[in-house]
Every structure is written in C-alpha cells, then in structure tokens.
Amino acid sequence: MTMRWEQLARRQPVVAKMLQSGLEKGRISHAYLFEGQRGTGKKAASLLLAKRLFCLSPIGVSPCLECRNCRRIDSGNHPDVRVISPDGGSIKKEQIEWLQQEFSKTAVESDKKMYIVEHADQMTISAANSLLKFLEEPRPGTIAVLLTEQYHRLLGTIVSRCQVLSFRPLPPAELARELVAEHVPPPLALLAAHLTNSFDEALALAQDRWFAEARTLVLQWYEMLGKPELQLLFFIHDRFFPHFPEKHQLDLGLDLLLYLYRDLLHIQAGQMDSVLYRDQLDRLQQWALACPQRRILAGMEAILQAKTRFHTTNMSTALLVEQLVLQLKR
Ligand SMILES: [Zn+2]
C-alpha cells in the first residue's frame, strides 16, 4: 500500500515529524535505522522517503506519486533505489558486496542513490561488517535505510552510525480508526484491531469475507448454547467447524469468542465504551443480564484452556471444541 504523509503522521507522529523536518531543512541523514514491530509501517515510510527524494515534481515534502520515478519506486524498478532482503533466512555478504559495487558506479539517473535493507538484524556477521565499512565511508548522495524488528540484535557500531527512528505499535482504538478510514465497517475494524497490531494484517483480515462470517458464527455459537445439546452439537459440526478448517483459523475463532465473553463482562460493569461487538449491543445486553458473572468468568477460563490445549496436545480439534462447547453450556 502506498503511504502518504498524512497516514504516516497519524500512525507514527514522531517519525513523520523528524523526517519532514529533515526534508524541509535539507538535512537528510546518510543512514537511518527504522526500528519497530512488524506492521508498524517501516517499509512504507522508507519508500515514502525514497519517492520524495527521487520524485520529478514534488510538492513541498510530498512526492507526487504519479511521475515515472514515484511509480518505479513503488514497483521496485528504480535503478538508484535498491531494496535488500534476506535470501533464504539471512542477508549474505555477497548481497552487500553487490550493493557496494552497484553504488560505486555513478548514479544511473541522478546524483542520489538509496538502499533499503529489510530485516537488517538478519545480516550474517560478515555481511554486517561489510555494511559497516560502507556506512563508515558514506559517499555523497547515498542514503541508507535499515529496517529491523529486532534492534538489539544489530551491531552497536552499525546502530551508532544511523539516526534511529522508533516505530510504535498503534493502540487498537487508533488502528480501528485507520481501518475505518480504509472503508472497513466499524464492527469488523474494532475486532481486527484487537487481534493484531499490524495495520496490514488487520486490514487484510477485516477485508476478508471469511472474517465477517467467522464473527457471525461466533455470535451464533453463543446463541446456540441455550438450545438442546443435540442441536448445539449439530451446529458446531455442520456450520461452525467447516468454516475453521485450519488450526490458526480455529484459534482466531476462539479469540473472537473470548472477546464476546469479555464484552458481557464489560456490559455488566457498565463499560459500554469497551464493548467490541458494539453493533450487537441489544443482544449482548440481554445475554449479560441472563448470565451470572461467575459463569462468564468460568467460560473465559474454559476458552483459554482450550486455546492452550490446542497448542500443547495432539488432541483432535473436533474433540477439543466439542468438550469446550459442552463446558460452556453447563
Ligand atoms: Zn513523483
């Protein structure tokens, strides 16, 4: 996804401010280190910076996003903007040497060159040493951006040569707002934002029809708990299970169920602002009235136990869920 300054400023205000002020004052570092968890926008921010530096008709600090250079950077085809990423689990010395060779030539199309190293912490020792030499003797017009989720695993000598910018995970409420800005329906945005703090993952999840259906099935699951056992088990096997064939999907389904129980607790405590299934408030309020708090807590405990057993035993998931649903019915 192409990132603009407005988005970066909402998601990473400090980073946006630092980069914009560098651009305005014409003081761009020769090496940056963007550190932060997955999905915090590091790569998109590095490409935004690249586009602004190479754009043929920038407007203030913004790239036009339409010119030949902006488009080539987006598609990874600009000869003076190189992205290095791990090749089979690590970044090897040859990859850095190739970069150095490329960069010792004059820039193909301008006086600038930029390289972005993804997962910089995955450099082998010899690759890191080669890069260090490169950073120690910066060529004018060359800009390095290293990206990492594991800042502490980089050589201190590399870190000290970079301007470090920290990317913070978005709080769920903020992430949900971002998703709504991307036209995700609010009820889905709120749930997706609690399941992951990566914007890209949350967006992909929320835009997947599977997710909306999963949410509906979880609500039905709760409703079915009041039905006779046979009918309940039939629902689980006939409707619920087929939608969650993979373990990670079922795990996510149980998270959705857990959030539903948590909502009931919030409603009982009058904390309506914390409710995630907000569009179902009427229904949830009835359920919360009908269910004593100790049963909600016992239900949450049972779901958490099922989730643990999921990962620690070889028990069939069908059996596990069957046990869980009968436990919750009690
Ligand atoms: Zn442009």
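Predicted model: local features only at pLDDT ≥ 70, side-chain atom pairs only at ≥ 80, totals over all residues.
The second largest cavity in this structure has a volume of about 30 Å³, where a cavity is a set of points on a 1 Å grid over the protein atoms alone at which a 1.4 Å probe fits but cannot get out, lining residues having an atom within 4 Å of a point, and a volume is the space filled by probe spheres set on the points. Residues are numbered from 1 along each chain as its sequence is written, and side-chain values use heavy atoms, with hydrogens and water left out.

Among the residues lining that second largest cavity are Arg11, Gln12, Arg168 and Phe199. The largest cavity has a volume of about 60 Å³, and its lining includes His30, Tyr115, Phe134 and Thr142.

Let me turn to the metal. Which residues coordinate the zinc ion? They are Cys55, Cys64, Cys67 and Cys70, each through SG, at 2.2 to 2.4 Å, donors being N, O and S atoms within 2.8 Å of the metal (3.2 Å for Na, K and Ca). Along the chain these donors follow the spacing C-x8-C-x2-C-x2-C. The angles among the four donor atoms run from 101 to 119° and the site is tetrahedral, a term that for four donors requires all angles to lie between 85 and 135 degrees. Cys64 counts as buried because its relative accessibility is 17%, and Cys67, at 11%, counts as buried too, buried meaning under 20% relative accessible area with a 1.4 Å probe and protein chains only.

Methods: Tetrahedral: all angles 85-135°; square planar, octahedral: opposite > 155°, others 65-115°. Buried < 20%, exposed > 50% of the residue type's maximum accessible area, 1.4 Å probe, protein only. 1 Å grid on protein atoms, 1.4 Å probe; cavity = no way out; pocket = protein on both sides within 12 Å on 5 of 7 lines; lining within 4 Å.
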